[in-house]
Amino acid sequence: MKILSAEFIISNNNVKFCPDSKVPEYAFIGRSNVGKSSLINSMFNKKKLAKISSRPGKTELINHFLINKDWYLVDLPGYGYAKASKYKIKSFQKLIKSYFTDRKQLISAFVLIDIRHAPQKIDLDFIYWLGEIKIPFSIIFTKSDKIKFEKIEDKVNLYLQELSNQWSFLPKYFISSANNRSGINKILGYINEMNNL
Ligand code: GTP
Ligand code: MG
């Protein structure tokens, strides 16, 4: 997909106030610091489209970005990180939960997983919950530039094996890096396919 425009539209602390439009929407979700906002900036070649930080908990709101004046990509706060206040964790969780249960425009979610780590309960639980509420999703493994190329396949296979304990069929997945832009064309191609369904 050729990117002609990528514009920040609005941030909201309540799903009720999100754009009242009919354009298809896709959301990036995952643990804080996994690289959701960085990947968005890399996808659209704009360093400051989404706010990023090495400190977890940077994204606090539901952020709508309009792409090619045709579809939305949504950046969400991360779920769970050890150092945050209980209040913040609770409010992020509430926002995330309401977004996924109420947002009718959502076509599909992308769950971002840091490729370096062993499967974590918090991600597996979240993926399970998406299944329960019947939200279509795929997985994006992030930060692939941080491990040796030869290790990537092993890491992915380990994750898929873990998922196969919960799922009878495995989700589509992508291997990405915001730093070297790998995987981005495939992700955009997949969104393009879904937009044309
Ligand atoms: P929250 O907004 O806190 O939920 O985090 P996030 O998932 O949006 O993460 P963010 O994009 O802010 O990135 C967190 C940190 O990881 C930053 O220091 C980024 O520079 C770094 N980072 C993100 N993606 C990559 C990547 O693909 N490769 C490398 N090497 N670093 C990355
Ligand atoms: Mg963020």
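These are my notebook entries on a predicted model of a single protein chain.

**Entry 1: the elements.** I began with the secondary structure and found 5 helices and 7 strands in the chain. Reading from the N terminus, I wrote the elements down as β-β-α-β-β-α-β-α-β-α-β-α. Next I looked up the radius of gyration, which is 16 Å, close to the 16 Å that the globule rule gives for 197 residues, so the chain is as compact as a globular protein of that length. I also noted that the C-alpha atoms fill a box of roughly 40 × 40 × 35 Å along the principal axes.

**Entry 2: contacts and burial.** I looked at contacts in the chain with a separation of 6 or more, and 75% of them join residues 24 or more positions apart. Of the 197 residues, 49% are buried.

**Entry 3: the cores.** Which residues touch the most other members of the largest nonpolar core? I found Tyr99, Phe100 and Leu130, in a core of 33 residues. Among the elements that give two or more residues to this core are strand 2 (25-30), helix 2 (86-102) and helix 3 (121-132). I then followed Phe100: leaving aside neighbours within four places in sequence, its contacts include Ala27, Leu76, Phe126, Trp129 and Ile135. A second, separate core has 24 residues, including Ala6, Met43, Leu112 and Ile191. A friendly reminder to myself: in soluble globular proteins, nonpolar side chains tend to be buried together.

**Entry 4: surface and charge.** The chain has 31 positive and 17 negative charges, and their mean positions lie 7 Å apart.

Conventions. Residues numbered from 1 in each chain as written. Chains lettered and ligands numbered in written order. Predicted model: local features only at pLDDT ≥ 70, side-chain atom pairs only at ≥ 80, totals over all residues. Heavy atoms only, no water. Helix = DSSP H or I, 4+ residues; strand = E, 2+ residues; numbered from the N terminus. Rg over C-alpha atoms; globule rule 2.2 N^0.38 Å. Buried < 20%, exposed > 50% of the residue type's maximum accessible area, 1.4 Å probe, protein only. Contact = heavy atoms within 4.5 Å. Lys, Arg positive; Asp, Glu negative; His and termini not counted. Charge placed at Lys NZ, Arg CZ, Asp CG, Glu CD. Core = buried A, V, L, I, M, F, W, Y, C linked by side-chain atoms within 4.5 Å.
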